Amino acid sequence: MASDDGPGQAGGAEATGKVTAVAPDDLLEATLADLRAEARSVRARAHGNRVTYSPKVFIPLTMLCRDRCGYCTFAKPPARVRSPYLSPDEVLTVARAGAAAGCHEALFTLGEAPEERYGAARTWLDEHGYGSTVDYLAAMCALVRDETGLLPHANAGALGEEDLARLRPVAASQGMMLESLDPDLACHRGAPDKTPARRLSTLHGAGALAIPFTTGVLVGIGESRAERVRTLAAIAEAQHLHGHVQEVIVQNFLPKPGTAMHDHPPCPPEELWWTIAVARLVLPPEVHVQAPPNLSDDLSPLLDSGLDDWGGVSPVTVDHVNPERAWPALHLLREATEAAGLTLAARLTVYPEYASQPERWLDPAMRFPVLDRLDAEGLGREDPWCSGGVAPPPPLVGPGGGVGPGAGVGSGAGVGSGGRAHDGGAVSAVLDGVDLGQEVGEDEIVTLFSARGPEVRAVAEVADQLRRDEVGDVVTWVANRNINYTNVCTFKCRFCAFSKGPLSLNLRGAPYLLELGDITERVAEAEAAGATEVCLQGGIHPSFDGDYYLEVIRAVRAASDRIHIHGFTALEVTEGARRLGEPLVDYLSRLKEAGLATLPGTAAEILDDEVRAVLCPDKINTEQWLDAHRAAHSIGLRSNVTIMFGSVEQPRSWARHLVRTRALQRETSGFTEFVPLPFVHMAAPIYLQHKARRGPTFRETLLMHAVGRIAYRGSIPNIQTSWVKMGGAGAFQALQAGANDLGGTLMDENISRAAGASHGQLMDEEGFRSLVEPLGRRLEQRTTLYGRVPAPC
Ligand code: SF4
């Protein structure tokens, strides 16, 4: 078994230390201050200002172990445990508590092959039908993954390739502390699994099998500094060979009563700091360096030594390897991290670099369980909110906001008080440029989307100020009705739960095509109910030619000669013109003459063809979408920009979308607003096929509004928040992050509901008012083009 992970061995490659980037002698002679300064600088270049942790539960599957390590209280003899192994029910009870508490990881830590030492272990395994401890571990990993969604991390000690391979389909990552390559340590004399050769063999075996792997060193168990450098160099060499070492734990020894080393001095803090800094310098920069936060009383020197990860922290279970050392409360970890000018982010047991290459690093059986917990940067989702769902959003801005009045704790750099949270960080640098009036480009936009913690609030505050400067304190809404004339569509957008192929009667909802008379009737009803706009969009029915859309307009006009016709996506008009063989601009002119006034920006999804090739390969491409809006603007039609985000793409694609639409706006001035549409996953085919994330996180969604406001400054004046997807509480926060418009009342909202959204079909003026008035802002009904609605006679 391993440490933090715990006390941990293997036969194979001997470390050479030849890949040590910095000469060992230099490291041994340098001052601690110089080493730490250099380590911080390497961390900043490789990992920015982000420090991660893994919210986890600790499952001590068996505390029996065939080894006897001099520092260990984890391992116990059979007489001192109630049962040789936790039962499946006990395992699930712990895992379920972790899932309910928002954990992502189930850390299985266990003794090494206890069945080879204890008859009680062998008998238990035989009675329960398992050939070995690793067999049972594999079964419990699968059980936890399938029943709770937690991602197992198997920390089973020194294993041969067969056992490592057996665990790969059920564990997202595996680990084993290398501890030390010193073969003469007294503490390892009773531990056959702790021979350097055996542990190195495990480390390289995991590499050969492409297993994202955690290893580490134990500091202060009798090894010399030079030995530690040699051990770290061996890990670096494994990383150069296989690329699988995702993190290295630097764990300080603390003596425990009842162990052979009870009177051995604890690892001096300076020795731990020295080793963290040296690990940072010896290991390739991409390897994450971790120190357990519960084994030190003061966290700031650890951060100052260059770590970028706190490891697993559990809100539910104790550290069974160091039960006397409680995990720090999450808020304390956050405060300590932010006080150092760094930000804290939850991660999965598998790091983003590995989660983003699932074909290489994950067994097929683990790919969706990992994907389902990811955010757009490959880190862990930080709350249960999802677009269109019922879980409340976390408070990121406003009173009680996630970082609240204590933003920049200890840094003296609270937001909005002259300074900026985390002055000196990349997000702060971009915001400083925004304050100076600079335009954000693709890279700067990507940086803004990486904001975490106090940085999110800082981005939102800048966006809120820009909103105030550009459009004041009025929040607008429009009285409208959606009319989706058909859900039959010849296209196969993989995110679309709305469309039905003509024969796909077995899918949710029956295919339908409204009669033109139905459309007229609905428009009349809408106008009678006070609507000023009808929003027309639907599937691309195989029977439609371009004339259909003209007929729809006439059907609307049969009921009302003044209601604003907001209709037909770029796809619909492009397809309509194509089916008639007519130039798009001529076709749009005829639609305009008939009464069309504005186009919705939907069908944009993500204007990045790499992403469109996955989401909607047979749909118009980026250039065609832009061309359709360019053509519409050229004849005086107006339209808006939407972005459907959070399914398969990364922030780089969001940035491209914003930059491309901004360029068109500079050319035409035809866009009236930007509408972020967070992906609703519940019934989306691509999610049901296990190929997409469960939409953006709330942080990402809030940032999309704020970053949109910043990116479109002086260009697109209005940022709309979709109450259908955000829910009232989400829209309330978006209004504090750059949004100034609540969109439409949307009688008969069908498309989001088809995808599983549950925020209803109709919002009324009072509903909107309840969101706006607490902010001290004024609600005002608008026309589609942001004019004032005349008071009723
Ligand atoms: S998104 Fe539109 S074009 Fe694509 S399948 Fe759905 S209805 Fe058809």
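**Entry 1: helix α18.** I am working from a predicted model. I looked up α18, residues 516-528, and checked its length. At 1.5 Å a residue its 13 residues should span 18 Å, and the end C-alpha atoms are 19 Å apart, which agrees. I then asked which residues of α18 are buried. They are Ile519, Val523 and Ala526. These cover an arc of only 65 degrees around the axis, so they sit on the same side of α18. I noted that what covers them includes β11 (480-483), β12 (533-536) and α19 (546-559). After α18 comes Gly530, and I recorded its phi as positive, near 100 degrees.

**Entry 2: α16 and α24.** I looked up how α16 (residues 442-449) meets α24 (residues 651-668). Their axes come within 9 Å and cross at roughly 130 degrees. The two helices are therefore oblique to each other, and I noted the crossing as right-handed. On the α16 side I listed Glu442, Asp443, Ile445, Val446 and Phe449 as making the contact. On the α24 side I have Pro651, Arg652, Trp654, Ala655, Arg656, Leu658 and Val659.

**Entry 3: α2 and α9.** I looked up α2 (residues 32-47) against α9 (residues 269-282) and found the axes 8 Å apart at an angle of about 45 degrees. That angle makes α2 oblique to α9. I put this crossing down as left-handed. From α2, the residues in contact are Leu32, Leu35, Arg36, Glu38, Ala39, Val42, Arg43 and His47. In α9 they meet Glu270, Trp273, Trp274, Ala277, Val278, Arg280 and Leu281.

Terms used
Residues numbered from 1 in each chain as written. Predicted model: local features only at pLDDT ≥ 70, side-chain atom pairs only at ≥ 80, totals over all residues. Heavy atoms only, no water. Helix = DSSP H or I, 4+ residues; strand = E, 2+ residues; numbered from the N terminus. Expected span 1.5 Å × (residues − 1). Buried < 20%, exposed > 50% of the residue type's maximum accessible area, 1.4 Å probe, protein only. Arc of directions from axis to C-beta. Contact = heavy atoms within 4.5 Å. Axes fitted to C-alpha atoms, helices over the stretch in contact; angles between N-to-C directions. Parallel < 35°, antiparallel > 145°, perpendicular 65-115°, else oblique. Left-handed = near helix turned anticlockwise from the far one by under 90°.
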